[in-house]
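Thank you for asking me to look over this entry with you. Please keep the display open beside these notes while you read.

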Amino acid sequence: FGSIADDEQSGVEWRLGLLGGGLILLGLLITRFVTRSITVPLDQLRQVMNDLAAGDLAVEVPFRDGDTEMSAMARAVQVFKEAAMRLESQRWIKANLAALGTALQGAEAPRDFAASAIGHLMPLLGGGAGVIYLWNEESKLLELQGSWGFKKRRHLSTSFQMGESLVGQCALERTSIILTEVPEDYLRIVSGTGEASPRSILVAPILSRNQVRGVVEVASFQSFTSDQQALMEEALPVMALNLEILDRNHRTRVLLERTQQQAEELRASEEELRAQSDQLHS
């Protein structure tokens with residue numbers, strides 16, 4: 001009987017040992033699982049932070065959904081990302097506005113101004129074609145002064161009255177217009193590989209002291225982003241200011257030319273009077 005009791009005790013001890021080993025192994029597996037469930041998301045969030053710090057603002061922040069501490073951390077990272085995107089957007093707009101202002105300062109005529117403005121804006125707006133109409137006070141018309149990637153448009157006109165067509169209507173209402181359903185025959189954007197109709201049209205007025213100075217029209221294959229629309233809105237006052245400077249310089253040149261002409265006429269009159277006086281005394 002003692003041998004049987006010893007065998008039973010050994011069996012119990014073996015089973016207890018096996019159970020204990022199983023519990024230890026299970027504990028190790030649970031510990032590993034819990035550790036990985038924490039470290040892997042942390043590593044991914046750490047990588048996202050590194051990408052954001054490196055300037056990659058397009059990176060997606062994971063684990064934002066849920067009520068866990070990890071989800072709260074992920075949402076905090078998302079808030080940081082959105083703040084960084086706003087700062088980058090402001091930096092991009094300000095830098096390009098400064099470059100636009102510098103480019104327009106060299107314009108000496110309306111066509112030079114329009115060419116510089118549309119040439120600078122189009123790559124930033126992602127446009128495929130664009131035009132600038134400037135207001136002519138003498139003709140009372142919006143006249144085409146500059147174009148970019150522009151081939152043809154149905155019933156193309158190089159000038160519009162106030163309220164006439166989309167350009168004239170934009171000037172009349174003094175507000176920007178965005179079209180997302182563009183007729184197939186309205187405009188064709190042409191490149192070296194083909195041509196197609198635009199997806200979006202942006203028309204914006206250039207205003208100075210609530211007076212229309214011109215209209216910008218841009219056509220694009222893509223919808224305009226919020227940054228692009230903000231850039232256009234900020235660029236309009238810059239263009240208006242430079243148009244005022246251009247007009248002031250033009251008036252100054254005209255006044256100078258008239259002054260010089262009057263001085264020459266006065267000098268000629270004095271010489272003629274002197275000659276007549278010499279004749280009378282001779």
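The points below go from the whole chain to single pairs of side chains.

1. A word of care comes first, since what you see is a predicted model. The values in this note are therefore computed from that predicted model.

2. For the overall layout, the chain has five helices and nine strands, and along the sequence these follow the pattern α-α-α-β-β-β-β-α-β-β-β-β-β-α.

3. As to burial and surface, 30% of the 282 residues of the chain count as buried. The accessible surface of the chain is about 18000 Å², and carbon and sulfur atoms contribute 56% of that surface. When contacts with a separation of 6 or more are considered, 53% of them are between residues 24 or more positions apart.

4. Lys140 and Glu137 form a salt bridge through their side chains, with a distance of 2.3 Å from N to O. Lys140 counts as partly exposed because its relative accessibility is 44%, a value in between the limits of 20% for buried and 50% for exposed.

5. Arg209 and Glu244 form another salt bridge, in which the closest N and O atoms are 2.9 Å apart. Arg209 lies in the loop between strand E8 (200-208) and strand E9 (211-220), while Glu244 lies in helix H5 (residues 226-281), so the pair ties together parts that are 35 residues apart in sequence. Arg209 counts as exposed, at 70% relative accessibility, whereas Glu244 is buried, with a relative accessible area of 14%.

6. Helix H5 also holds Asp247, whose partner Arg213 is in strand E9, and this pair links distant parts of the chain, 34 residues apart. The side chains of Arg213 and Asp247 meet in a salt bridge with an N to O distance of 1.9 Å. Arg213 counts as buried, at 18% relative accessibility, while Asp247, at 27%, counts as partly exposed.

7. Is Gln78 buried or exposed? Gln78, which has its place in helix H2 (residues 69-105), is buried because its relative accessible area is 13%, and the limit for buried is under 20%. Apart from neighbours within four places in sequence, Gln78 is in contact with Val61 and Arg64.

Conventions: Residues numbered from 1 in each chain as written. Predicted model: local features only at pLDDT ≥ 70, side-chain atom pairs only at ≥ 80, totals over all residues. Heavy atoms only, no water. Salt bridge = Lys/Arg side-chain N within 4 Å of Asp/Glu carboxyl O. Buried < 20%, exposed > 50% of the residue type's maximum accessible area, 1.4 Å probe, protein only. Helix = DSSP H or I, 4+ residues; strand = E, 2+ residues; numbered from the N terminus. Contact = heavy atoms within 4.5 Å. Areas by Shrake-Rupley, 256 points an atom, 1.4 Å probe, with all protein chains shown as cover.
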